[in-house]
Amino acid sequence: QVQLVESGGGLVQAGGSLRLSCAAAGRTFSSYAMGWFRQAPGKEREFVAAISAGGVPTAYADSVKGRFTISRDNAKNTVYLQMNSLKPEDTAIYYCAARRITFSGILSYWTGRNEYDYWGQGTQVTVSS
């Protein structure tokens with residue numbers, strides 16, 4: 001089991017940047033593929049970015065491709081989401097998620113919210129116009 005805690009959210013003007021962090025409690029962080037999702041008011045939770053347990057490959061939603069970067073530091077049990085060129089439509093609660101993998105899945109990522117086993121509590125990102 002792993003516990004996830006997000007941080008780094010806040011209020012930023014359009015065009016600005018934020019870096020979200022998700023710290024995982026546990027000694028087997030490298031056994032988890034990780035993902036970031038977001039949920040805006042009145043909308044379903046949607047995929048943002050994913051990263052394999054090994055760090056590559058990665059995947060992005062079309063709406064954030066070229067602006068957001070997901071990365072991980074297995075030594076620090078942390079996954080990051082660097083968000084640049086933020087837009088008002090990026091406003092949402094951002095959640096990180098973890099999926100336990102077997103050795104054969106070390107280079108796999110997942111984009112469906114039902115494919116993840118553990119979730120953080122979320123961090124609010126608000127982008128003003």
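**Strands, hairpins and an exposed loop**

Serine 7 sits opposite serine 21 of β3. The model is predicted: local features need pLDDT of at least 70, side-chain atom pairs count only at pLDDT 80 or more, and totals for chains, interfaces and linings use all residues. Residues are numbered from 1 along each chain as its sequence is written, and side-chain values use heavy atoms, with hydrogens and water left out. Strands (E, at least two residues) are DSSP runs, numbered from the N terminus.

The strands β1 and β3 (residues 18–25) run antiparallel and are joined by five bridges; two strands pair if DSSP finds at least two bridges between them. Both belong to an open sheet of four strands, ordered β1-β3-β8-β7, with antiparallel pairing. Because β1 (3–7) and β7 (68–73) stand at the edges with a single partner strand each, one side of each has no neighbour in the sheet. From one strand to the next, the twist averages 15°, where axes are lines fitted to C-alpha atoms and angles run from 0 to 180 degrees between N-to-C directions.

Attention now turns to β5. Five bridges link β5 to β4 (residues 32–39) in an antiparallel arrangement, with tryptophan 36 opposite alanine 49 in β5. The hairpin of β4 and β5 has six residues between the strands, and there glycine 42 adopts a positive phi near 80°. Strand β5 also runs antiparallel to β6 (residues 58–60), through three bridges; in β6, threonine 58 is the bridge partner of isoleucine 51. The hairpin formed by β5 and β6 likewise has six residues between its strands, and glycine 55 in the turn has a positive phi of about 100°.

Isoleucine 51 also gives a reference point for serine 104: the two are 53 residues apart in sequence and 15 Å apart in space, C-alpha to C-alpha. Serine 104 lies in the loop between β9 (92–100) and β10 (118–119) and counts as exposed because its relative accessibility is 67%. The loop between β9 and β10 also holds leucine 107, which counts as exposed because its relative accessibility is 56%.

Key: Buried < 20%, exposed > 50% of the residue type's maximum accessible area, 1.4 Å probe, protein only.
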